[in-house]
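Trainee: I would like to go through some side-chain contacts and the rules behind them. Can we take them one by one?

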Amino acid sequence: MVKKTLIILLVLITAFYVISEDNIKIILSGIAIFLIGMHFMEDGFKLFSGGTLEKILEKFTSTKVRALTTGFITTSIVQSSSLISVIVISFLSVELISLAKGIAIIFGANLGSTTTAWIVSSFGLKLKISVYAMPMIIFGVMFRFSKNNTYVGLGNILLGLGFIFLGISYMKEGFDTLKDSIDLAAYSVGGYLGIFIYILIGAVSTVVIQSSSATMAIIITALAGANILYIDALALAIGANVGTTVTAVLGSLTSNENGKRLAFAHFIFNISTGLIAVVLIYTLRDLVEILSPLLGIAQDNYTMKLALFHTIFNLLGIIALFPFINYIVKLAEKFITDKYQKSSKPLYLAEANVKIPYNAMVSIQKETIRLYDNAQKAILHALSVHTSQLNTKDDIKKVVNQYTKIDTNLDDIYQKELKSLYSDIIEYALISQQNMTKEQSKYVTDLKQISSIIIQTLKDTRDIQKNINFYLNSKNEHIKEEYRFIKEEIVTFIFEVNQLKKEFESDSVTDELEVSTQIQVDKERLQNLDVIHNGRIDSLIKEEKITSKMATSVINDTSNAYTICSNLLTIANTLFIRDNKLRELGEEDEVK
């Protein structure tokens, strides 16, 4: 109720000034147009890059230094630290990069975001950029009618730039004329009290506008129009940096734990940087005065001096905190623990990945592997096998012959743990497929099918669990041997699939010939479970070693075991052997 009242009050105040004050109306229009431009440009780079941004951030982050540099360069190009943050969060959610490298990228992105101040102060105020805005908007609209995503992305970028230029022009015009009616500089408060007041104003403005770039554009245009004093502009710039932390924290609320940890690190960085800037504000101001002539900045060009100040204190923050990234990671992990340890909660299906095809495919793949992990553990327990006992191939005979019953209710496991996770995978897959090419969508459909097969394999195990536990305690050695064989085959197939999974998850290159040979051997093993054709059961019945009731049970259960093992091979082929296919589909983003 309070929130709604505040929003209504804010709208009414804005409406009053829009109607009654022409200058403020022009400034607010400029801010609105600038924000629309930022939105269009962000969306444009997502489409135009066609996944290139994601690939750059994934490939060029092998070390923290490279991650820092990549964050700086990409943010300087796309002019949106929030876009880079979204991509980094999406990478963290599917574990494509480590948290330490993600933090390094964000540090670099913070420095890269300072280029906005340089662009506005050097071009936006010196040139009549509104002249360039109109052609950009016209061509941007034309490109948006294309069916090709690359051209649509280019159209959005042009529209974004056009609106940004137009917004700066409106803000500059508004502040130029506002000086004649209201001298905001006259209300300046001296000393550190004034600095803290303006820091607060800058922070609140950024939280409200949800864009530090827009806040910096306002500060620069206001400073150019002599509406604020230079020292107050410096304080406002510090406030804009601090305000970004609130935006980052709010944006992380819907992300997973790693997303929240990244926001925590962002908070630590910006607050620490802000404190450094406040303590050294007069020293940094003097440093700017020394460096300005060396960089060709005129004595009275306070807007470019502000841009230089903005860059320097962010650079100082990086120098001060970069060596402590690993400590920040440990601190973040200590304060933000994994909320969900239950297998029923998805870990990788991050909302941020839905519109990024390659990341969405990785998300679904990893969650499907997790579904398999939970299912195979339940299956082994249903067969009275502890997963900790199954480390080498030699352990298979041992765990099969050593029977210790484990109470495992597969129906309960399915209902309480796996059903919800399976449903989440299917729902997420359906939503993400809307942004994919035909081939990418087909791969995701295969993953959905594998998820279904995993659940079916669990149910098939449930159907033979009772007989296996019953007949392995039988006094009839012949039926006991048949069920020991069924159990051994299922355990062997799970072990073989898990070995493929280990190779898949390791950094070592898998020998394709070796994998192909193993799959062929497993396919041949399947024939051992075809008891009808191999005549083994017929011999046991004729020799009256087992009853007809026992024979019926064995035939039904070996048939189910055949299906289980066949399904395990299908799971392995899609999840643990076809990774190159996923990479190829990811590359489609670059050419579509």
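Trainee: What makes Asp 446 and Lys 442 a salt bridge?

Mentor: A salt bridge needs a side-chain nitrogen of Lys or Arg within 4 Å of a carboxyl oxygen of Asp or Glu. The closest N and O atoms of Asp 446 and Lys 442 are 3.8 Å apart, so the pair meets the rule. Note that this is a predicted model: local features need pLDDT of at least 70, side-chain atom pairs count only at pLDDT 80 or more, and totals for chains, interfaces and linings use all residues. Residues are numbered from 1 along each chain as its sequence is written, and side-chain values use heavy atoms, with hydrogens and water left out.

Trainee: Where do Asp 446 and Lys 442 lie?

Mentor: Both are in helix 20 (residues 438-471). Helices here are DSSP runs of H or I, at least four residues, numbered from the N terminus. Asp 446 and Lys 442 are 4 residues apart, so about one helical turn separates them.

Trainee: Why is Asp 446 called buried?

Mentor: Buried means under 20% relative accessible area, exposed over 50%, and partly exposed in between (1.4 Å probe, protein chains only). Asp 446 has 14%, so it counts as buried. Lys 442, at 45%, is partly exposed.

Trainee: How many salt bridges does the rule give?

Mentor: The count comes to 9. Among them is Glu 289 with Lys 305, at 3.0 Å between the closest N and O atoms. Glu 289 lies in helix 14 (residues 281-294) and Lys 305 in helix 15, so this pair ties together parts 16 residues apart in sequence. Lys 305 is buried at 1%. Glu 289 is partly exposed at 25%.

Trainee: Why is the pair of Tyr 230 and Tyr 302 called tilted?

Mentor: Rings of Phe, Tyr and Trp (its six-membered ring) pair if their centres lie within 6.5 Å; planes under 30 degrees apart count as stacked, over 60 as edge-to-face and the rest as tilted. The centres of Tyr 230 and Tyr 302 are 5.1 Å apart and the planes are at 45°, so the pair is tilted. Tyr 230 is in helix 12 (residues 230-252) and Tyr 302 in helix 15 (residues 302-321), so the pair links parts 72 residues apart in sequence.

Trainee: How do you know that Lys 459 sits over the ring of Tyr 414?

Mentor: The rule asks for NZ of Lys or CZ of Arg within 6 Å of the ring centre and within 35 degrees of the ring normal. The charged end of Lys 459 is 4.7 Å from the centre of the Tyr 414 ring. Lys 366 lies over the face of Tyr 348, at 5.8 Å from the ring centre.

Terms used. Helix = DSSP H or I, 4+ residues; strand = E, 2+ residues; numbered from the N terminus.
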